[in-house]
Amino acid sequence: MKNQWRIVLGLVLAFIIVLFAVLNNQDVAISFGFTKLNAPLILVIMGSAFIGAVVIALVATSGYLKQKKTIKELRNQALTDDAIIERRVAEKRAELEREYANKAVEMQQAFDQNQVAIEESATQDTVE
């Protein structure tokens with residue numbers, strides 16, 4: 001349905017251009033500064049429009065290419081940043097695991113010392 005509207009709009013615009021060309025067929029003088037040229041008005045108008053379209057296309061293309069380059073650079077930066085973040089997370093995880101292991105060892109040693117103290121206290125109570 002969307003393409004049908006484009007076709008209909010294109011046909012309407014083509015009809016308007018043909019009608020415009022028929023109504024503007026008189027010759028006009030064009031001065032380029034170093035020479036003069038006589039051409040039908042419609043060719044002058046269409047030629048100017050074509051040159052304008054080419055200029056706009058060139059400007060838009062350069063802007064598009066610049067944006068595409070910026071997007072590529074930002075994606076590469078994002079990948080680099082992700083790698084840095086993952087490395088930092090891995091380092092922090094390893095650090096926390098080491099701390100956990102050290103605390104577990106300290107707690108086990110404290111538990112063992114308490115067990116020894118309890119056993120010594122129990123043996124002294126039985127001796128007395």
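Trp-5, Val-8, Leu-9, Val-12, Leu-13, Phe-15, Ile-16, Leu-19 and Leu-23 form a nonpolar surface patch whose accessible area is together about 950 Å². Patches are made of residues with over 30% relative accessible area and no salt bridge, where nonpolar side chains (Val, Leu, Ile, Met, Phe, Trp, Tyr) are joined within 5 Å and like charges within 9 Å; a salt bridge is a side-chain nitrogen of Lys or Arg within 4 Å of a carboxyl oxygen of Asp or Glu. Accessible areas come from the Shrake-Rupley method with a 1.4 Å probe, and for residues only the protein chains shown count as cover.

This is a predicted model, in which local features need pLDDT of at least 70 and side-chain atom pairs count only at pLDDT 80 or more, whereas totals for chains, interfaces and linings use all residues. Residues are numbered from 1 along each chain as its sequence is written, and side-chain values use heavy atoms, with hydrogens and water left out.

**Overall form**

- The secondary structure of the protein chain comes to two helices and two strands, arranged from the N terminus on as α-β-β-α; helices (H or I, at least four residues) and strands (E, at least two) are DSSP runs, numbered from the N terminus.
- The radius of gyration of the protein chain is 42 Å, well over the 14 Å that the globule rule gives for 128 residues, so the chain is more spread out than a compact globule; the radius is taken over C-alpha atoms, and the rule is 2.2 Å times the number of residues to the power 0.38.
- Along its principal axes the C-alpha trace spans about 135 × 45 × 10 Å.
- Of the 128 residues, 2% count as buried, where buried means under 20% relative accessible area, exposed over 50%, and partly exposed in between (1.4 Å probe, protein chains only).
- Carbon and sulfur atoms hold 65% of the accessible surface of the protein chain, which comes to about 11,700 Å².

**Helix H1**

- Phe-15 lies in helix H1 (residues 2-23) and counts as exposed at 58% relative accessibility.
- Leu-19, also placed in helix H1, is partly exposed, with a relative accessible area of 43%.
- The C-alpha atoms of Phe-15 and Phe-34 are separated by 36 Å, although the two residues are 19 apart along the chain.

**Strands S1 and S2**

- Strand S1 (residues 27-31) lies largely in the open, because the number buried among its five residues is zero.
- S1 pairs with strand S2 (residues 36-40) in the antiparallel sense over five bridges, pairing being assigned if DSSP finds at least two bridges between two strands.
- Val-28 stands opposite Ala-39 in S2.
- The hairpin of S1 and S2 has four residues between the strands, and Gly-33 takes a positive phi near 95° in this hairpin.
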